[in-house]
Amino acid sequence: MPSYVLMRILESSPDRYDMGIGILTLGRLDEVYERLASRIKPGQRVLDIGCGTGALTIRAAMRGARVKAIDINPRMLEIAGKKVEEAALTHRVELCEMGVAELDTEAAESYDAVMAGLCFSELSEDELRYALGEIMRILKPGGLLLIADEVVPRSPLKRVITLLIRLPLLLIAYLLTQTTTGAIKNLPEKVEEAGFIMESVRLSRMEDFVEIVARKPGG
């Protein structure tokens with residue numbers, strides 16, 4: 001499904017986004033986000049791309065980081081803002097309505113870490129390539145890129161099984177929340193091709209979900 005269609009679906013029901021994503025990821029996303037956010041250190045400057053309702057943003061801010069969280073959906077940002085306020089983290093979080101196309105407005109080597117949770121699967125191939133290039137530019141030498149996203153399994157058998165499992169979940173999630181997601185082919189390779197040093201790649205049992213920790217050379 002083209003990325004613009006996915007974006008329209010996601011934007012159609014931000015109030016029910018968290019429930020929809022919970023269904024689609026079988027509730028595993030909280031654990032994944034906790035692992036990724038554990039790489040954040042106090043005092044670091046962090047960018048959360050496609051922050052959605054703020055799940056990764058809040059976790060990073062709770063660890064003492066200063067977080068700029070961006071999303072193109074104003075309603076998503078509104079929900080994230082309420083969560084940030086409830087967590088008493090407004091002094092550590094800046095919410096901005098912007099997308100990956102505007103990453104060129106960020107200063108070079110200005111972030112210690114960049115996070116992207118279920119964001120890259122909404123981008124086209126060209127958009128993803130551009131985003132990775134800009135992330136490389138704005139990260140400090142040695143800075144981290146932390147990714148959690150859906151990927152296409154390499155095994156033909158696992159692709160078929162994943163499709164069979166996901167079809168009813170996609171239907172339930174869409175009927176309840178008008179939310180769905182896509183999947184990326186060869187995401188670890190794309191990150192590596194962009195020049196990042198891969199520190200860890202953690203695939204789910206069905207190889208349909210990946211956690212990536214990568215680092216910009218230097219530092």
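## A tour that starts at a strand pair

Select Arg-45 and Arg-66 to begin: Arg-45 stands opposite Arg-66, which lies in β2. Keep in mind that this is a predicted model.

**Stop 1: β1 and β2**

β1 pairs with β2 (residues 66–71) in the parallel sense, over five bridges. The bridge partner of Val-46 in β2 is Val-67. Color β2 by burial. This strand is mostly covered, with five of its six residues buried.

**Stop 2**

Return to Val-46. Which residue in β4 does Val-46 stand opposite? Select Ala-113: Val-46 stands opposite Ala-113 in β4. The strands β1 and β4 run parallel, joined by four bridges. Step across once more. Ala-113 stands opposite Leu-144 in β5. β4 and β5 also pair in the parallel sense, over six bridges. How many of the residues of β4 are buried? The count is seven of its seven residues, and the strand is mostly covered.

**Stop 3**

The open sheet has seven strands, in the order β3-β2-β1-β4-β5-β7-β6, and its pairing is mixed. Find the edge strands, β3 (93–97) and β6 (197–203); each of them pairs on one side only. Look along the sheet for its twist, which averages 15° from one strand to the next.

**Stop 4: helices on the sheet**

Select helix α4 (residues 55–62). This helix packs on the sheet and touches β1, β2, β3 and β4. The direction of α4 makes about 145° with that of β4. Next, select α6. This helix also packs on the sheet, where α6 touches β1, β4 and β5. The direction of α6 makes about 145° with that of β5.

Stay on α6, residues 125–138. The helix has 14 residues. From first C-alpha to last, α6 reaches 20 Å, close to the 20 Å expected at 1.5 Å a residue.

Which residues of α6 are buried? Highlight Leu-128, Ala-131, Leu-132, Glu-134, Ile-135, Met-136 and Ile-138. Look at the spacing of some of them: Leu-128, Ala-131 and Ile-135 are in that buried set. An α-helix has 3.6 residues a turn, so residues three or four places apart point the same way. Now show what lies over the buried residues of α6. The cover includes β1 (45–49), β4 (111–117), β5 (139–150) and α8 (187–193).

**Stop 5: the cores**

Select Phe-120 and Leu-187. In the largest nonpolar core, which has 30 residues, these two touch the most other members. The elements giving two or more residues to this core are β1, β4, α6, β5, α8 and β7. α6 gives the most, with six residues.

Show the surroundings of Phe-120. Its contacts include Leu-128, Ala-131, Leu-132 and Ile-135. Phe-120 also touches Ile-147, Asp-149, Ile-184 and Leu-187. Then select Val-32, Val-93, Met-115 and Ala-148. They are among the members of a second, separate core of 23 residues.

**Stop 6: Val-210**

Go to strand β7 (residues 209–215), where Val-210 lies. Is Val-210 buried or exposed? Val-210 counts as buried because its relative accessible area is 0%, below the 20% cut-off. Draw a distance to Ala-148. The two C-alpha atoms are separated by 5.8 Å, although the residues are 62 apart along the chain. Other residues that Val-210 touches include Ile-147, Leu-187, Val-201 and Leu-203.

**Stop 7: two loop residues**

Most residues other than glycine have a negative phi. Select Ala-88, in the loop between α5 (74–86) and β3. Ala-88 is not a glycine, yet has a positive phi of about 55°. Ala-88 is exposed, with a relative accessible area of 53%.

Then select Glu-109, in the loop between β3 and β4. Glu-109 has a positive phi of about 50°, and is not a glycine either. At 44% relative accessibility, Glu-109 counts as partly exposed.

**Last stop: the whole protein**

Show everything. The protein has eight helices and seven strands. Of its 219 residues, 51% are buried. Among contacts between residues at least 6 apart in sequence, 74% join residues at least 24 apart.

How values were computed: Residues are numbered from 1 along each chain as its sequence is written. This is a predicted model: local features need pLDDT of at least 70, side-chain atom pairs count only at pLDDT 80 or more; totals for chains, interfaces and linings use all residues. Side-chain values use heavy atoms; hydrogens and water are left out. The expected span of a helix is 1.5 Å times one less than its number of residues. Buried means under 20% relative accessible area, exposed over 50%, partly exposed in between (1.4 Å probe, protein chains only). Contact means heavy atoms within 4.5 Å. Two strands pair if DSSP finds at least two bridges between them. Axes are lines fitted to C-alpha atoms, for helices over the stretch in contact, and angles run from 0 to 180 degrees between N-to-C directions. A nonpolar core is a set of buried Ala, Val, Leu, Ile, Met, Phe, Trp, Tyr and Cys residues joined through side-chain atoms within 4.5 Å.
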